[in-house]
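Q: Hi! Could you walk me through some side-chain and backbone details of this one? I'll ask as I go.

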Amino acid sequence: MAKLSINHRTTYSYRCPVHLSPYRLLLRPREGPDLLLHHHQMTVSPEGKVAWTTDVFGNAIATLTFSEPTHQLEIISHADVDLKSQAWPVFDIAALGVTYPFLYDDQDWKDLGSLRDAQYPDPSDELEQWVRGFVMENSTDTLALLKDLSAGVSDGVAYRARDTEGTQPPLETLRLRSGSCRDLATLLAETVRVLGLGARIVSGYLYDPASTLVGSSSGGSTHAWVEVFLPGAGWIAFDPTNRSMGSANLIPVAVARDITQLMPVSGTFIGPADAFMSMHVAVDIAFIG
């Protein structure tokens with residue numbers, strides 16, 4: 001178990017005072033079997049009114065509203081957590097889900113809902129054919145198949161950091177053979193859904209003090225990966241950027257059906273079109289015990 005301190009700073013700068021719209025924040029780490037949240041605090045400048053709620057996925061959402069114009073907006077999220085995930089986890093998959101293909105029980109099938117459904121058009125079945133290439137037999141080991149799919153995404157798509165907003169559709173990522181962690185996560189989630197399995201996308205942080213993982217920095221970085229629901233085992237994490245399975249090195253903040261629902265900070269301003277100057281994000285994750 002690692003005790004970690006997380007600081008996530010987001011700074012917006014403007015050429016002249018602007019009025020800020022309500023901002024939506026997804027910054028509070030998400031507790032679960034592998035993560036214990038001890039403390040979370042947000043500091044905002046200029047001061048704003050904060051209202052907390054939860055969304056349909058159980059994520060903690062903070063909404064910031066402001067009354068005065070400003071040249072700059074700074075949002076600092078600080079959290080202390082225990083990361084309890086194991087490097088080599090063993091998953092107790094129920095007998096009905098050990099071999100693919102399988103059918104979820106009626107309750108899981110209903111509850112997974114749109115998390116089972118492909119989210120992007122595939123008019124020529126290009127993605128379908130790519131996915132089916134990993135199913136070597138009519139009956140195959142489910143976990144091995146998912147590991148092969150994650151590795152296939154990692155092998156077929158070169159990681160490329162992108163500062164531009166938005167996420168590439170899965171077919172575009174396949175054709176370009178390159179993408180960011182969010183592009184790779186979106187592709188993997190879609191491939192899993194093509195197989196009829198439930199998948200959700202996770203946003204959070206990658207903790208890698210040795211800086212050996214793809215997409216990491218010595219101080220920590222934001223990251224995206226996928227969780228797949230298997231009977232008995234529940235949600236299992238797959239990080240296609242690093243060909244890893246399990247939650248080691250991963251600190252979840254929020255989960256959703258689509259990556260567009262997982263922006264850590266989102267909002268707009270009212271002012272001249274050229275008022276926006278820059279946005280800077282800095283993440284620092286420190287080991288404290």
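Q: What sits over the ring of W109?
A: The charged end of R116 does, 3.5 Å from the ring centre. A charge sits over a ring here if NZ of Lys or CZ of Arg is within 6 Å of the ring centre and within 35 degrees of the ring normal. This is a predicted model, where local features need pLDDT of at least 70, side-chain atom pairs count only at pLDDT 80 or more, and totals for chains, interfaces and linings use all residues. Residues are numbered from 1 along each chain as its sequence is written, and side-chain values use heavy atoms, leaving out hydrogens and water.

Q: And which ring does the charged end of R200 sit over?
A: That of W235, 4.1 Å from its centre. W235 also forms one aromatic cluster with F102, Y104 and F229. Rings of Phe, Tyr and Trp (its six-membered ring) pair if their centres lie within 6.5 Å; planes under 30 degrees apart count as stacked, over 60 as edge-to-face and the rest as tilted.

Q: How many aromatic pairs does that rule count?
A: The count comes to 8. Take Y23 and F66: their ring centres are 6.4 Å apart and their planes lie at 85 degrees, so this pair is edge-to-face.

Q: Where in the chain are those two?
A: Y23 is in strand β2 (residues 23-25) and F66 in the loop between β5 (60-65) and β6 (70-83), 43 residues apart, so the pair links distant parts of the chain. Strands (E, at least two residues) and helices (H or I, at least four) are DSSP runs, numbered from the N terminus.

Q: Is Y23 buried or exposed?
A: Buried, with a relative accessible area of 1%. F66 counts as buried too, at 15%. Buried means under 20% relative accessible area, exposed over 50%, partly exposed in between (1.4 Å probe, protein chains only).

Q: Switching to the backbone, what kind of peptide bond joins S45 and P46?
A: A cis one, with omega about 0 degrees. P46 lies in the loop between β3 (35-45) and β4 (49-54). The bond from Y100 to P101 is cis as well, with omega near 5 degrees.

Q: What about phi of R177?
A: Phi is near 60 degrees, a positive value in a residue other than glycine. R177 is in the loop between α4 (170-176) and β10 (178-179) and is partly exposed, with a relative accessible area of 43%.
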